[in-house]
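Hi,

Here is the structure I promised to pass on. Have a look at it first, and my notes on the ligand sites follow below.

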Amino acid sequence: MEKIIEAKNLTKIYGKKSNKFTALKDIDLSIYKGESVAIVGKSGSGKSTLMHLLALLDKPTKGTVYIDGNDASKLKNRDLNKLRNERFGFVFQQFFMNSNDTVLENVLLPLKIAKKGRKERNRLAKDALKVVDLEAKEENKAINLSGGQKQRVCIARAVVNDPQIIFADEPTGNLDSATGDKITDLLFDLNKNKGVTLIIVTHDEDLAKLCGRIIRVSDGQIISDQTVRKDSHQKASERLEKEAARVKKANREK
Amino acid sequence: MKTSDLIKQSNHNLFRNKARTILTILAIFIGSFAICTTTAIQTGVNSFIDSQVASFGGEGFIQAYGKTETDTSQAIQDMQIGRPKKYNDGNTNEMGQPAITEEQIEQFRNIPGIIKDTVLVGRFGTVTYVQSTKNNERFTTQLNQMTTKTVHYDMVAGTNIDNNTDEYQVLLPNDLWVESLGYGSSEEAIGQKLDFVWSDPVTAELKHFPATIVGVQAPSVLNSAAVLINTPLNDALYAENVKYLPATEKGKVFTVAAEYDYEKYSADEIKKAISDIGLEGMTVADIIGQIKGFFDAITTIFTAFGFIALIAASIGIVNTLLMSVQERTREIGLMKTFGMSKIKIFFSFALEATLLGFWGAIAGLTVSFLLCTGVDNVAHTSDGFLKAFPTMHLAEFSPAVFIPVVLTIMAIAFIAGVLPATKASKKNPIDALRYE
Ligand SMILES: Nc1ncnc2c1ncn2[C@@H]1O[C@H](COP(=O)(O)OP(=O)(O)OP(=O)(O)O)[C@@H](O)[C@H]1O
Ligand SMILES: [Mg+2]
């Protein structure tokens, strides 16, 4: 299988001198094309830090991240921007939205940066909002949304540019189980049918178990990296379908 | 991001923090207003002078004086502070210019390029009074002479005087003269006689020189209110004026004037030739230059004040943008996360600054325009201060002037915006996103 991201000796130290804090220590990791990877661990263990480094949103103190086999620190700015704009999708733990802009404006930001025309970007952004059940809120200001709604806007924004890799930090953290399942469905559907590589940070074991691979992080180090066997993976998707059916039924009964 | 989107976004961002934006625009507005107003007044005055000059003609007119020891501005200053002047046997005038000799007049006449039959020698006739043949009113006045080949006054009625005729002719300086002499209109005055009267200082006999009114001038900054007479009339009056003077005093001349062939000779060539015979030449352009120089000096000072106001405004722009960058660091983080280039982020802020400059400049220009137009209208009402000059506009707003002004202000704003923009574009995405 094709390596899409590779990390070697990744170390991240925050702060200076007496405030020094080592958030990641010598991490080695390879992620392959089309994988779905869960990064799990206790709060403060360094999951988000790792994800940010892999997504090239931050620079490691030591070590190297390779994208398609190329040293990311040596990428030209143009290529880096193209990568972020066209191939990556991000869902941040803290959402990060332009709170005074409308929901639609927020979702279409990546498309605007990609120089898509007004009509096209509006259409694509509306489609993405429909998938997360928020088409009714497109003209609302982002600041006026509930936590779960904000999270769904961020997911819409992460998928709107049809990315090859989605980095999602706690994508279901603020959602009730039914809405959460819906989002999970969306992500795994992209993974299965479009070959999108998923890197999901979560402390929800159920969500982690749906992934093909679970990386456990503790105190800035990887303590286990297990590939879920094919059959259990199969089982997981069966369970997912069952779960979906249950949700539908529950909704109908309401 | 597309350029059009970039511009829209920057403009939109400006109106996020309205109070701050408006204060900054106000600061720029003051600078812009000051500069626009002064340059418009400068243009207005200059174009008025230009139009006056164009109607005056005089491309080939040149005047010559005796060369002074002290420079002219020193002489004017001395005159103003009242410094007593040395007596020089009557051989210098009140400007300190020495008398021109007969030999020099002859040399002047023979300078290649000088048109001989236009030469006017500065022996100026005077009158005791002039009397209307219509209502018999008497007036005192100074008399002027002028060459007539290229010099043509802006006329309300009639024609220019003719120096090469035997008839005595006169040109009235304005409508007030027409009225005072008892005529209903300028047209009515044309062809009528104005009597020039000289009272002989010895016999007290009144000598009459009736002259034909050939034309009436439009008011202009270039003619004094003196009536303009032709050479024959002047010479006749002068002969009477100096009748009793000893021969040595009769011919004292301090200025000569003529027209030269300006198509073949440059002003500098003629001035050089005049300088060679010990005189100093001055063309119409030089005279105009002095008038313009005076206005330019004043408006330049105002423009300088405008620029000082603008510099203060640019500090305001830097401040606004620095705060705006801080406020929007997260937004910058998002833009970087989704692959917006540093250059574009830089431009979005620089553009914001330029737009601030643009709106401030436009506001200053608009208010300046409205105010100047208003004042100009008031000035031209029946008791306004410009009523005598209907063709003069206080300020003129030509695109050739205000476009550079607006662009300059935008450029200053752009430069002022570069600093915060550079700072904004250098952030690491996640650092920018985490910024509180
Ligand atoms: N900018 C920073 N400066 C200093 N310390 C930081 C910074 N960002 C993270 N840390 C520290 O690094 C450690 C790892 O943080 P990280 O956000 O990666 O944890 P996490 O595993 O995502 O936790 P959670 O599940 O709560 O989101 C934490 O102890 C945190 O305090
Ligand atoms: Mg985290």
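Keep in mind that this is a predicted model. I started with ligand 1, which has 13 residues around it; A:Ser43, A:Lys47, A:Ser48, A:Thr49 and A:Gln93 come nearest. The ligand sits between chains A and B.

As for who supplies that shell, β2 (21–32) and α1 of chain A each give at least two residues, and α1(A) has the largest share, with three. By type, the shell holds seven polar, three charged and three nonpolar residues.

A:Thr49 uses a polar side-chain atom, at 2.6 Å. A:Gly44 comes in with a backbone N or O atom at 2.8 Å, and for A:Ser45 a backbone N or O atom is 3.3 Å away. On its own, ligand 1 has 640 Å² of accessible area, and the protein covers 67% of that.

Then there is the magnesium ion (ligand 2). Its protein donors are OG of A:Ser48 and OE1 of A:Gln93, at 1.9 to 2.2 Å. These two are 45 residues apart in the chain: A:Ser48 belongs to helix α1 (residues 47–54) of chain A, while A:Gln93 is in the loop between β6 (88–91) and α3 (103–113). A:Ser48 counts as buried because its relative accessibility is 17%, under the 20% cut-off. A:Gln93, at 36%, counts as partly exposed.

Cheers

Notes
Residues are numbered from 1 along each chain as its sequence is written. Chains are lettered from A and ligands numbered from 1 in the order in which they are written. This is a predicted model: local features need pLDDT of at least 70, side-chain atom pairs count only at pLDDT 80 or more; totals for chains, interfaces and linings use all residues. Side-chain values use heavy atoms; hydrogens and water are left out. Donors are N, O and S atoms within 2.8 Å of the metal (3.2 Å for Na, K and Ca); water is not among the atoms, so sites may look incomplete. Helices (H or I, at least four residues) and strands (E, at least two) are DSSP runs, numbered from the N terminus. Buried means under 20% relative accessible area, exposed over 50%, partly exposed in between (1.4 Å probe, protein chains only). A residue is near a molecule or strand if one of its heavy atoms lies within 4 Å of it. A polar contact is a pair of N or O atoms within 3.5 Å; within protein, one must be able to donate a hydrogen and the other to accept it, and residues adjacent in sequence count only if both atoms are side-chain atoms. Accessible areas come from the Shrake-Rupley method with a 1.4 Å probe; for residues, only the protein chains shown count as cover. Ala, Val, Leu, Ile, Met, Phe, Trp, Tyr, Cys and Pro count as nonpolar, Asp, Glu, Lys and Arg as charged, and the others, Gly among them, as polar.
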